[in-house]
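Colleague: Hi! Could you walk me through this one while I have it open?
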Amino acid sequence: MRSKGGRDWNAASFGQKVAAFAGLAFLHLPVWVIVIYAFTTEDRTYQFPPPGLTLHWFSVAFAREDIWAALRMSLSVASVATAMALVLGTLAAFALAQGRFRGREAITLLFVLPIALPGIITGIALLSAFKLGGIQPGYWTIVTGHATFCIVIVHNNVIARLRRLPQSWIEASMDLGADGFQTFRYVLLPQIATALLAGGMLAFALSFDEIIVTLFTAGHEKTLPIWFFNELFRPRERPITNVVAVSVVLITMIPILLAYWLTRPREFESK
Amino acid sequence: MTPAIELAGVSRLFGAVRALDNVSLSIAPGEFFALLGPSGSGKTTCLRLIAGFDHPTSGKILLDGDDVTDIPPFERSVNTVFQDYALFPHMDVAENVAYGPKVQGISAPERRRLALEMLELVRLAAFADRAPAQLSGGQKQRVALARALINKPKVLLLDEPLGALDLRLREEMQIELKAIQQKIGITFVYVTHDQGEALSMADRVAVFRDGRVEQLDSPRDLYERPRTAFVARFVGSANVIEGELARRVTGGGRAFAIRAEAIEVLAPGAPLPDGALSCEGLLEDIHYHGATSRWHVRTDAGQTIVAVLPEGAAAAVPHGSRVRLAWSRENIVPLADS
Amino acid sequence: MQHPPMRAIATFLYGRRGFYLSLLLLPPLLWLGTVYLGSLLALLMHSFYAIDEFTARIVPKLTLATYRQLVSQPAHVDIVLRTLGMAVAVTLTAAVVAFPVANYMARYATPRMKAFFYVGVMLPMWTSYLVKVYAWRLVLAKQGVLSWFLDQLGLAPALDAALQTPVIGGPSLASSYLGMFIVFVYMWLPFMILPLTAALERVPQSLLQASADLGARPGQTFRNIVLPLALPGLAAGSVFTFSLTLGDYIIPSVVGAPGYFIGMMVYQQQGTAGNLPLAAAFSVVPIILIAIYLSLAKRLGAFDAL
């Protein structure tokens with residue numbers, strides 16, 4: 001093979017490396033900026049660099065009851081939505097992993113829509129439905145909206161795992177005397193456990209952070225993102241908002257990282 | 001005696017495709033029975049129907065005289081060794097083997113004892129606590145075998161179990177499988193596309209073609225008396241003489257088979273033994289196989305005949321030379337129209 | 001040991017695949033069908049209602065009046081065009097910015113580096129949307145990080161010049177289309193990077209070597225081999241950037257110039273203006289645009305790349 005001036009195919013040029021890392025840095029810097037701002041002593045402007053660093057705002061934020069109430073609401077909604085999603089999403093994944101049947105394409109499309117269409121569509125659609133049905137927005141309308149896309153997240157995770165399971169395992173289990181329930185318990189569940197966990201955690205994090213649909217379905221209830229959204233336009237509360245922002249990032253980082261670690265490609269999955 | 005397995009008029013259609021077409025056969029208890037055929041011939045479909053992973057479109061499947069057609073696999077006294085072994089990666093070897101007793105509710109210590117017993121049978125007791133991923137192909141296959149035998153099924157089904165092994169290992173396993181079968185005495189139903197495997201291991205072989213059983217016989221009868229051209233070519237690679245060449249050789253039009261090792265190669269015009277049939281042609285190639293050589297001769301009628309000669313039987317002649325092929329009239333096997 | 005009734009149920013279900021599937025699908029389909037599809041239908045229905053001018057109440061009678069209102073006012077058409085323009089600009093830019101990152105991840109990164117990059121792209125992607133928007137508000141602010149940074153580099157005049165530009169400029173980055181544009185690109189960048197990486201990974205190294213072997217310069221290899229093969233990934237990523245920009249209503253209100261976007265219109269009309277039918281009609285527009293875009297993207301192979 002003629003080599004182009006001794007080019008090493010497996011090494012990027014310096015320029016390519018810079019561009020790649022620059023892109024990555026671009027993705028991360030803004031959030032790190034918030035972290036710095038959470039410690040600033042200046043509370044009136046967005047002055048950079050911060051004139052001083054302090055932990056003062058953290059203690060102020062921790063004393064605020066409205067923040068805790070919003071946090072409790074978010075946790076509660078996320079838990080319920082995730083629990084519903086785990087059940088419904090797994091049922092759907094098992095059905096759709098079976099193979100071809102009539103209507104499968106249509107149902108698959110139905111499961112893509114909640115994340116394919118922007119959140120505003122989901123939000124206003126739900127609101128229209130509530131208005132039509134005379135339902136008052138409240139806790140359960142929020143949960144309803146969240147559960148809908150959480151189901152899709154769990155379903156995607158579980159079905160991806162199921163598709164990598166050889167059919168012969170299920171047949172072998174039944175061949176040896178285990179019926180469908182036993183096969184699920186002894187063979188399938190251990191295999192999809194990580195996918196279930198990962199899907200559940202992603203769904204939880206998404207629900208916890210959700211704002212776009214929630215603004216339409218919340219009524220008077222306040223989730224943490226809604227609290228945050230209201231604060232965006234109140235300059236006096238800026239440092240506390242920063243503290244909450246940093247806390248939210250840290251809290252949701254944990255399930256995200258865990259979910260990634262659980263579903264990273266492994267060597268021994270089959271055979 | 002009640003057959004161990006009986007298929008009565010079984011068909012399996014996938015849309016318009018007839019994977020199995022009105023197949024009927026019966027397998028005797030304690031028999032080593034082979035389902036032989038090329039891919040897509042229906043042999044694997046047949047196996048899956050016996051196991052219960054699939055349901056026939058029509059016909060009945062009987063196990064020990066009982067109709068099991070509508071009975072799910074977990075209720076049939078049949079166990080399977082899968083082509084990809086299908087060992088559960090989240091259990092170690094002993095737990096894999098003990099799976100059958102586990103789902104029947106047998107206590108942990110008891111089923112471990114049973115599992116170790118089975119692993120002794122396949123000489124893998126030392127690997128009991130290993131993970132399946134740490135085993136070689138041959139070892140995995142033996143674990144799969146132990147796992148399938150622990151329930152003491154009436155019938156053991158094997159779906160091309162040796163396909164992934166290399167030649168030496170395959171031959172060892174063939175001997176071992178046959179020995180185990182004779183030791184335990186249960187019926188084995190063995191699917192393979194390798195006719196050598198079927199011939200060496202089975203008591204009887206069913207040759208599948210396009211969803212039908214073309215011939216069901218003992219290995220010897222299949223080899224020496226193939227009934228159709230397909231069987232003749234598939235089992236033992238006999239030469240199928242038909243059409244113009246058949247007319248020239250026998251005077252009649254009927255196709256016949258002649259085994260490669262039954263053919264002698266002579267110089268053109270050499271004297272023929274009494275009652276011999278012959279034809280002439282040009283030598284295309286000689287393939288050296290160690291103990292034997294395969295001579296490919298293109299006859300005047302256009303068809304190529306292969307003769308297998310033991311080493312040293314005939315002096316090598318240059319390619320393109322004219323040779324005479326001869327064989328005894330007794331050795332020809334008339335074939336039915338396919 | 002399996003309880004006999006469970007065994008009986010299992011045996012019953014085993015032979016009846018259709019019934020078993022229906023049983024599995026019933027709960028989730030019931031939910032998605034009634035909640036989601038039902039809501040979409042309700043949305044559609046509301047778009048065919050109208051507001052009574054005097055009582056400001058929704059008149060439950062099917063009419064095209066709201067749609068007529070939507071298409072007849074030039075301000076409304078402006079809104080749609082503005083949003084569409086932003087969506088296209090964001091998509092193109094995201095593709096350009098994402099490419100070096102995805103290319104590096106797919107072709108040059110060692111397994112450990114690739115994992116590092118993967119986590120590095122995934123973390124911001126899953127970080128709270130609001131926190132990210134808020135962070136940019138701080139960064140783009142008049143005395144904020146970006147102006148400080150540009151100041152240090154001596155590029156302050158360049159920033160001022162950019163802000164003077166008509167249409168995209170403004171009093172500060174935080175209240176200009178330029179700023180909004182930057183935030184949009186930032187937000188959806190991971191959604192472009194990931195499918196693009198997957199597509200580029202599927203381009204075998206041997207193809208690139210063959211191209212060079214046959215005499216092509218790196219630019220030609222890129223144009224003739226890499227780009228066409230990466231197209232499904234680009235198409236898949238662009239579906240996200242396009243539809244997410246089209247429907248967003250928070251970013252334009254937090255970081256941006258006074259002009260309205262479709263999303264803002266929807267949010268405002270259902271809220272303070274109390275005109276749900278108009279909001280519904282407005283939201284039908286992105287649905288149609290996205291449907292068209294999806295069919296285009298499908299033809300480019302986006303669905304296989306997802």
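Modeller: Happy to! Keep in mind that this is a predicted model. To begin with burial, 47% of the 306 residues in chain C are buried.

Colleague: Thanks! How many helices and strands are there in chain C?

Modeller: Chain C has 15 helices and two strands. Its radius of gyration is 25 Å, well over the 19 Å from the globule rule for 306 residues, so chain C is more spread out than a compact globule.

Colleague: And what box do the C-alpha atoms of chain C fill?

Modeller: Along the principal axes, that box is roughly 75 × 65 × 40 Å.

Colleague: Which domains is chain C divided into?

Modeller: Domain 1 of chain C covers 4-47, and domain 2 covers 75-305. The C-alpha centres of these two domains of chain C are 37 Å apart.

Colleague: Switching to contacts inside the chain: what percentage join residues at least 24 apart in chain C?

Modeller: That would be 71%, counted among the chain C contacts between residues at least 6 apart in sequence.

Colleague: Now the neighbour. How many residues of chain C are in contact with chain A?

Modeller: On the chain C side there are 78, and they meet 74 residues of chain A. Helix α2 of chain C (residues 17-47) gives the largest share of the chain C side, with 16 residues.

Colleague: How do the residues on that side of chain C divide into nonpolar, polar and charged?

Modeller: On the side of chain C that touches chain A, 56 are nonpolar, 18 are polar and four are charged.

How values were computed. Residues are numbered from 1 along each chain as its sequence is written. Chains are lettered from A and ligands numbered from 1 in the order in which they are written. This is a predicted model: local features need pLDDT of at least 70, side-chain atom pairs count only at pLDDT 80 or more; totals for chains, interfaces and linings use all residues. Domain bounds come from an automatic or database domain assignment. Two residues are in contact if their C-beta atoms, placed from the backbone, lie within 7 Å. Helices (H or I, at least four residues) and strands (E, at least two) are DSSP runs, numbered from the N terminus. Ala, Val, Leu, Ile, Met, Phe, Trp, Tyr, Cys and Pro count as nonpolar, Asp, Glu, Lys and Arg as charged, and the others, Gly among them, as polar. The radius of gyration is taken over C-alpha atoms; the globule rule is 2.2 Å times the number of residues to the power 0.38. A residue is buried if 20 or more other C-beta atoms lie within 10 Å of its own, exposed if 12 or fewer, and partly exposed in between; C-beta atoms are placed from the backbone.
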